[in-house]
Each structure stands twice: as C-alpha cells, then as structure tokens.
Amino acid sequence: VIQSVEILCRQDKITVLFEQREPVFVWGDEYQLEEVVTNYISNAIHYAGGEKQIVVSLTKNEHTVRVSVFNTGNPIPEEELGKVWIKFYKVDKARTREYGGSGIGLSIVKAIMEAHHKEYGVRNLENGVEFWFEVDSDTGVLCGVCMCITVNCVCEVYVCVCECKYV
C-alpha cells in the first residue's frame, strides 16, 4: 500500500516512515485489511500538515497486532472523533472538496473491522492524529460458533483446524 502512494507523497512533500523489518503474520481477509490500511493512509496523506509526516507502525502483542497510521497536522475536534466513522460524515466539508473525498472511507473501515470482530479507533496526539486497528496474530484458534480466529473468542467453543493441542 505504501509503495502505491509513493509518488503522491513525493508530490506533496510528505515523508512516510515504516520501519517493520520482519514479517508479521495475522488472521484476516487480506483484501479487506488492505482496504483498511489504504483508507487510513489516504486520509493521512490528505490531512498531513506541519512536518508533513506519516508514520505506519505495527505493535505485536500476545495475540494481536495493532496497525497504526499517524499523520502530523491538526487534531480532529474531540466532539467529532466518534462521528468520523459515520457514512458521508466530514469533519471539514470545505477541505474535503479540495481533494474529492466522499466521506465513506472510514465507514468502510468500521464495517470491515466489525466483520472481523476487532477493535479500531482514532485518537489525537500532541502533533497529529493516529488511526489504528487490531487483528489476530498467528497464534489463534478457529471458533466453531462465530468462525473468528482468536484465543479469546466470546463464544468459547474452539475447533482445532490443524490437529494441534487446541480442542
């Protein structure tokens, strides 16, 4: 995804940092997760300000990986943070017209992440905004009820998919 926006970033003098060196394996629909990352990076490009920097990071926890996309620039007003996931909602309607955004990208993210039964969010930081989502890492088990791959499924009915120790 980052390579696909490289030219656009160079044109806008935006620096993109991504320092993940080793592969990280996660459970999820690769096309849908790519759509989430694409939406986050696209928004970061359009709203990057100040130092014009985007930082993409992965944080591996015990059973999940958190993917974060941070961009320098103005914060989202606190009262607007929960509304950014609503279809066609735009925090700054005039600015969105400048680059042609339709206001559905983050609602697509919401739908994808809810279909994966995973957390996602946004938060203001001192010098910008960070959007994030979590996915299961490679240590999960397939749930026989809801078909999610997790260690902590709320259904608590696991089905082994590889004849391992989980039943």
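Trainee: Asp 136 first: buried or exposed?
Mentor: Asp 136 is buried, with a relative accessible area of 6%. Bear in mind that this is a predicted model.

Trainee: Which side chain does Asp 136 meet in a salt bridge?
Mentor: Lys 118, at 3.1 Å from N to O. Lys 118 sits in the loop between helix H4 (105-115) and strand E5 (120-125), while Asp 136 belongs to strand E6, so the pair ties together parts 18 residues apart in sequence.

Trainee: And Lys 118, buried or exposed?
Mentor: Buried: its relative accessible area is 19%, and the cut-off for buried is under 20%.

Trainee: How many salt bridges are there in the whole structure?
Mentor: A search of the whole structure finds four. One of them joins the side chains of Glu 134 and Arg 66, at 3.0 Å from N to O. Glu 134 is in strand E6 (residues 128-137) and Arg 66 in strand E4 (residues 64-72), so this pair ties together parts 68 residues apart in sequence.

Trainee: What are the relative accessible areas there?
Mentor: Glu 134 has 14% and is buried. Arg 66 has 23%, which makes it partly exposed.

Trainee: Switching to Glu 130, which residue does it form a salt bridge with?
Mentor: Arg 123, and the closest N and O atoms are 2.5 Å apart.

Trainee: What about accessibility for Glu 130 and Arg 123?
Mentor: Glu 130 is buried at 10% relative accessible area. Arg 123 is partly exposed at 42%.

Trainee: Why would such side chains pair at all?
Mentor: Side chains of opposite charge can pair when their charged atoms come close.

Technical notes:
Residues are numbered from 1 along each chain as its sequence is written. This is a predicted model: local features need pLDDT of at least 70, side-chain atom pairs count only at pLDDT 80 or more; totals for chains, interfaces and linings use all residues. Side-chain values use heavy atoms; hydrogens and water are left out. Helices (H or I, at least four residues) and strands (E, at least two) are DSSP runs, numbered from the N terminus. Buried means under 20% relative accessible area, exposed over 50%, partly exposed in between (1.4 Å probe, protein chains only).
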